[in-house]
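Have the structure open as you read.

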Amino acid sequence: MKGRRQKIFDKAETCPQKNRTASEGYAGGQTFLWITENNLTEPENRKENGLLESILSPANLNAAYKRVKSNKGAAGVDKMEVDSLKDYLVNHKDAQISSILRGKYRPHPTRRVLIPKGNGKQRQLGIPTVVDRVIQQSISQQLSLIYEPQFSDHSYGFRPRRSAHQAVQKCQQYITEGYIHAVDMDLERFFDTVVHGKLIEVLSRTIKDGRVVSLIHKYLNAGVIQQDGRFGETLEGVPQGGPLSPLLGNVLLNELDWELERRGHKFVRYADDLVILCKSKRGAERTMKSITSYIEEKLFLKVNRDKTKVASIRDINFLGYGFYRYKGECRLRIHPKSVIKMKAKIKELTSRSNGWGNERRKTALGYYIKGWVQYFKLADMRSLLEKTDMWYRRRLRMVIWKQWKRIKTKVTNLIKLGINKYKAYEWGNTRKGYWHIAKSYILTRTITNERLCKAGYVFFTDYYEAVRR
């Protein structure tokens with residue numbers, strides 16, 4: 001144990017992010033005075049480092065352009081679409097590069113977009129212009145090369161060759177080893193509450209080209225155009241929606257990762273989702289208290305005390321998965337909240353009143369079901385999917401019955417599908433509700449499971465069997 005801890009200390013000593021500066025006692029709103037809007041570092045430092053030149057190199061910018069083009073996405077405040085980006089860059093690229101090199105470039109404000117969260121609240125996104133997305137992507141590509149060797153092995157979010165599945169499987173490994181109590185840590189509105197000065201401090205330990213730090217600082221302070229058209233200052237936070245935000249989040253939270261490693265904890269972090277695993281409830285409670293103090297006093301982030309808790313691994317939700325032990329081994333299941341969200345989405349896609357045609361509905365359902373099963377395929381969920389498919393087929397029958405509308409159409413279609421005329425007329429004239437009829441034998445005999453599959457509908461159980469082979 002002593003040798004392992006010494007190895008962690010040695011590794012931490014060689015990590016530039018852990019070499020603290022005089023700003024250890026940083027308080028709240030302070031920023032580095034040498035970082036100005038016009039940027040300025042000494043000329044010899046610029047020549048020595050040249051990171052900004054690497055960011056603006058043709059190969060790096062071209063790779064960034066291709067990435068932004070492939071990601072598509074909405075327009076920013078200037079309303080320029082991704083399809084117009086190439087023509088703009090051909091005509092203005094040199095002027096843009098010159099402006100950045102001279103420290104004169106001013107990013108556009110981001111465009112505020114609100115998207116619903118599962119808990120009824122809304123997540124704030126800041127959509128940069130497509131030109132700013134290219135510049136941010138080019139910064140992110142070069143900074144990733146620098147920071148990847150520094151990042152902890154326990155961090156999985158927004159990193160190359162790392163995934164949510166790997167994060168969940170790491171938790172599974174620790175639980176099998178006997179770490180059956182968890183600190184389920186929730187950072188309250190993490191991306192919206194990052195203190196700029198603290199982030200700039202952490203960046204400056206590694207990034208010695210002040211022009212790059214200054215450019216990032218400009219993006220942080222660019223402001224936002226609200227949905228009502230008003231301009232708002234961004235005095236704190238890292239706007240979600242740009243290519244640079246996930247990396248900046250990882251850079252700041254890497255401080256937390258190294259602190260947890262220094263203390264010898266078993267933990268897994270995916271972006272701002274963090275779970276710390278312990279062997280005893282008492283140890284987990286001590287850990288929660290001390291790590292909460294570190295997060296709030298050293299990183300100036302806020303821990304959501306209503307959601308942060310110590311719990312058995314059976315009671316935590318990590319990236320949509322739940323955990324349980326069977327014969328001493330940790331197994332994965334779908335967390336009940338994930339099931340509720342899935343059924344709500346299927347209900348939305350099979351709404352009787354959305355005006356969709358059958359082809360559009362089949363396509364949307366197929367994409368959603370395949371993506372959902374691919375994500376949750378690690379879990380034990382066969383019986384859950386069989387029950388879900390029964391409910392899902394009933395909803396499809398309800399939609400089809402409503403589409404037939406007129407009594408004459410219902411009678412004609414029932415006869416075509418093998419029902420005798422008397423029964424077809426009886427059910428065609430029924431006043432029972434759509435949901436009730438969808439479960440009746442008259443529709444299960446006519447709109448059969450086989451006919452729904454043949455029509456092109458994708459079902460959870462069938463696709464699950466396919467991906468598990």
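Arg230 is exposed at 59% relative accessibility, where exposed means over 50% relative accessible area, buried under 20% and partly exposed in between, with a 1.4 Å probe and protein chains only. Arg230 pairs with Asp228 in a salt bridge, that is, a side-chain nitrogen of Lys or Arg within 4 Å of a carboxyl oxygen of Asp or Glu. This is a predicted model, in which local features need pLDDT of at least 70 and side-chain atom pairs count only at pLDDT 80 or more, while totals for chains, interfaces and linings use all residues. Residues are numbered from 1 along each chain as its sequence is written, and side-chain values use heavy atoms, leaving out hydrogens and water.

The structure holds 18 salt bridges, including these:

| Pair | Closest N and O atoms |
|---|---|
| Arg230 and Asp228 | 2.8 Å |
| Lys423 and Glu426 | 3.4 Å |
| Asp153 and Arg162 | 3.7 Å |

Asp153 is partly exposed at 46% relative accessible area, and Arg162 is partly exposed too, at 23%. Lys423 and Glu426 are about one helical turn apart because they lie three residues from each other in helix H17 (residues 421-428); helices here are DSSP runs of H or I with at least four residues, numbered from the N terminus. Lys423 is partly exposed at 26%, as is Glu426 at 36%. Elsewhere, salt bridges with shared partners link Lys198, Glu201, Arg205 and Glu255 into one network.

Now for helix H15 (residues 382-404): its 23 residues reach 33 Å from first C-alpha to last, close to the 33 Å expected at 1.5 Å a residue, a span taken as 1.5 Å times one less than the number of residues. Lys405 follows H15 and has a positive phi, near 55°.

Definitions and conventions
Helix = DSSP H or I, 4+ residues; strand = E, 2+ residues; numbered from the N terminus.
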